[in-house]
Amino acid sequence: MKPARIPDLELDSLTSLSKARVGCDFQIRAVSGPGCDQLRKLGFCESLQVRKLAHGRNLICSVCGTRLAVSRQLAEQVLVSPVAA
Amino acid sequence: MTDRSELVALVGHPNVGKSTLFNALTGGRAKVGNYPGITVDFQQGSFRTPHGRRLELVDLPGCLSLDGDSPDQEVTRRAIHGEIEQLPAPDLVIAVVDASSLERHLPLVIELLELGKPLVVALNRVDLAERDGLRLEPDKLSEELGVPVVPLRADAGKGIVELKQSLRTPLPAPSQRDWSDTAARRDTAHRIAAVAARRATAHHETTSDRLDRVLLHPVLGWLVFLAIMFVLFWSIFSFASVPMGWIEAGQEWLVGVVEGAMAEGDLRDLLTSGIIEGVGAVVIFLPQILMLFFFIGLLESTGYMARAAYLMDGFMARVGLSGKAFLPLLSSYACAIPGVMATRTIPSAKERLVTIFVAPWMSCSARLPVYLLLIPMLLGGRESTAVQSLVMLGVYALGTLTAFFVARLLRGRLGPDEVEQHFMLELPSYQAPQWGYILRHVLDRGAAFLRKAGTVILGIVILLWAAQTYPKSDSDDPAEQLSHTVVGRVSDAIEPVVRPLGFDGRTGTAVITSFAAREVFVGSMAVLFSVDESDDEAETRDRIRERIAAETWPDGSPMFDIPAVLSLLVFYIYALQCLPTTAVVAREAGSWKWAIGQFVFMSLFAALASLVVYQVGSLIAGS
């Protein structure tokens with residue numbers, strides 16, 4: 001499903017959280033997929049910053065100072081762009 | 001105006017400190033921990049405001065929003081809307097939020113505002129938020145939300161008076177606002193959070209981040225996990241020996257007092273061989289049970305439990321469960337009842353049913369006295385505490401692995417979920433243990449154990465003593481006297497049934513008595529195997545074990561050889577001998593059929609496993 005409000009060109013430059021690099025900060029640009037409601041309730045909302053802390057079957061990230069573990073399939077539904085250092 | 005006190009409800013995300021706040025407000029003893037999902041049902045208390053007004057307080061299970069679909073979140077939604085029969089709709093809501101993560105918590109507060117009920121926001125953990133570099137402005141938050149906001153530290157009792165003062169009644173209802181959809185609520189929450197809790201832009205590494213690098217490492221994390229489990233069992237064997245010695249000495253002293261004060265006869269025998277020895281044989285394990293609860297409390301309180309769930313998720317997935325099922329299963333090591341109730345946090349109904357079904361195979365603390373009696377018998381009493389701890393770890397592992405195996409089979413049969421479920425878990429910051437709460441929880445569990453020893457176990461050992469004393473025969477031969485008694489007759493009747501499992505009639509009788517509660521087995525064995533003891537000397541725990549171990553079959557072969565002890569151990573690993581657990585399973589699964597099916601299946605499985613172990617073990621030992 002194509003997330004709303006993100007132009008196609010920009011969408012191409014986004015990466016999913018599951019493929020993002022560990023130890024880097026990202027901005028959540030879109031949350032899209034069957035688990036998006038649950039992800040948003042948990043705190044993965046558009047425009048918030050997220051830092052990926054660990055990779056694996058379930059990856060660990062920090063959103064608004066809270067560490068969350070989410071499955072790779074769910075992280076696939078979170079599209080992020082890097083935050084300039 | 002009605003007579004009832006006004007009802008205040010505590011609402012917030014899981015693991016935000018609601019139960020800690022509940023305890024701080026009411027002086028209550030609600031269980032607290034540091035992982036999401038400790039509270040799965042509502043609990044009530046009351047307190048007075050500084051103006052002397054009495055308010056009822058209800059602590060509700062954590063929820064991320066008011067439309068959550070897991071059973072614990074359903075409890076919260078129904079309670080807020082006044083749909084629970086024994087609970088009126090709350091007159092006032094305290095929204096508990098974590099100050100360090102306002103962006104995540106405010107959407108729920110906004111949902112609560114939309115209900116139009118009087119609301120107060122408890123801004124908890126302000127110390128941790130400020131330590132993480134957040135600049136909190138509670139006044140601005142209050143201005144934006146239009147309701148009182150009270151900064152506090154529920155764990156340290158700070159801000160509690162201010163919170164009570166803010167609960168002036170009647171509270172004005174907040175102005176009715178409707179953000180129309182979740183996106184609008186989220187946008188408002190983010191805008192307010194940006195004003196009221198300014199965050200330092202750079203992410204700085206916290207102690208929890210550093211600890212997690214080790215504790216959640218794919219290799220190191222597992223080594224630490226196994227080491228923690230080993231230390232837990234090792235300490236149960238080693239540290240508890242001192243207080244056990246005190247209880248033993250007290251028991252001996254009591255027997256001495258009774259024997260000194262009373263003439264020989266049935267009443268004295270009832271007191272010494274029946275009550276003191278039977279109940280004492282169980283009570284002596286109190287220090288070890290307290291130690292188990294202490295360690296589990298410590299793991300919960302520090303935040304390690306959620307890490308254990310994270311580590312276990314990959315393994316759990318192979319048996320058709322998820323890391324979410326690990327927390328209820330781990331709780332079941334202490335007691336299956338809270339474990340079964342904790343399955344309410346599992347979103348998938350099928351996974352929840354399977355977890356409820358296998359939870360009693362996580363060896364609970366009631367099995368501990370049985371294991372502690374049998375393991376030294378298995379090792380001949382010669383092995384060190386380290387070896388005993390390893391065997392104990394193996395006993396726990398056997399129950400756990402079998403549970404996983406059955407879960408895999410059952411999950412396959414139930415089919416996939418209608419809506420695919422994924423693993424999501426908050427990993428709370430590590431924190432220093434809340435010693436006060438751990439101690440209180442341990443003491444509560446100890447009191448519950450002693451209550452059981454003073455009621456169920458006492459009742460059964462008295463009945464058993466009577467059954468193995470009466471009716472009396474004219475013979476002076478203890479063996480003939482025993483065969484004349486009720487126990488002798490029951491033993492003779494059941495011996496052909498239990499003999500293939502390696503048990504004689506008395507052991508079989510002790511097993512039957514323990515269907516009321518597992519711990520009874522130890523007391524029953526102490527009573528049932530004391531009949532041919534002629535001296536009145538007080539015996540130590542080891543001597544009771546030695547006496548049981550020295551029993552022989554009529555042909556002179558040892559009764560409790562390795563296959564027989566293994567068979568008993570296996571029986572107790574698998575048998576579901578706890579009526580309260582069966583009742584809770586029926587309630588949580590919503591079906592007595594499921595609970596009775598579980599009881600019958602586990603009893604038959606235990607008997608079959610015992611039979612196989614004894615028969616194969618005897619073949620190997622004989623070859």
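Let me start with a definition: buried means under 20% relative accessible area, exposed means over 50%, and partly exposed is in between, with a 1.4 Å probe and protein chains only.

Now the ground rules. This is a predicted model, where local features need pLDDT of at least 70, side-chain atom pairs count only at pLDDT 80 or more, and totals for chains, interfaces and linings use all residues. Residues are numbered from 1 along each chain as its sequence is written, chains are lettered from A and ligands numbered from 1 in the order in which they are written, and side-chain values use heavy atoms, with hydrogens and water left out.

On to the aromatics. Rings of Phe, Tyr and Trp (its six-membered ring) pair if their centres lie within 6.5 Å; planes under 30 degrees apart are stacked, over 60 edge-to-face, the rest tilted. That rule gives 19 aromatic pairs over all chains.

Take B:W234 and B:F239. Their ring centres are 5.5 Å apart and their planes meet at 70°, so this pair is edge-to-face. B:W234 is partly exposed, at 30% relative accessibility. B:F239 is partly exposed too, at 47%.

Next, B:F294 and B:W435. This pair is stacked, with 6.2 Å between centres and 20° between planes. B:F294 sits in helix α12 (residues 286–302) of chain B and B:W435 in helix α19 (residues 435–467) of chain B, so the pair links parts 141 residues apart. Helices here are DSSP runs (H or I, at least four residues), numbered from the N terminus. B:F294 has 30% relative accessibility, so it counts as partly exposed.

There is also a cluster. B:F357, B:W361, B:Y574, B:W594, B:F601 and B:F605 form one aromatic cluster.

Notes:
Helices (H or I, at least four residues) and strands (E, at least two) are DSSP runs, numbered from the N terminus.
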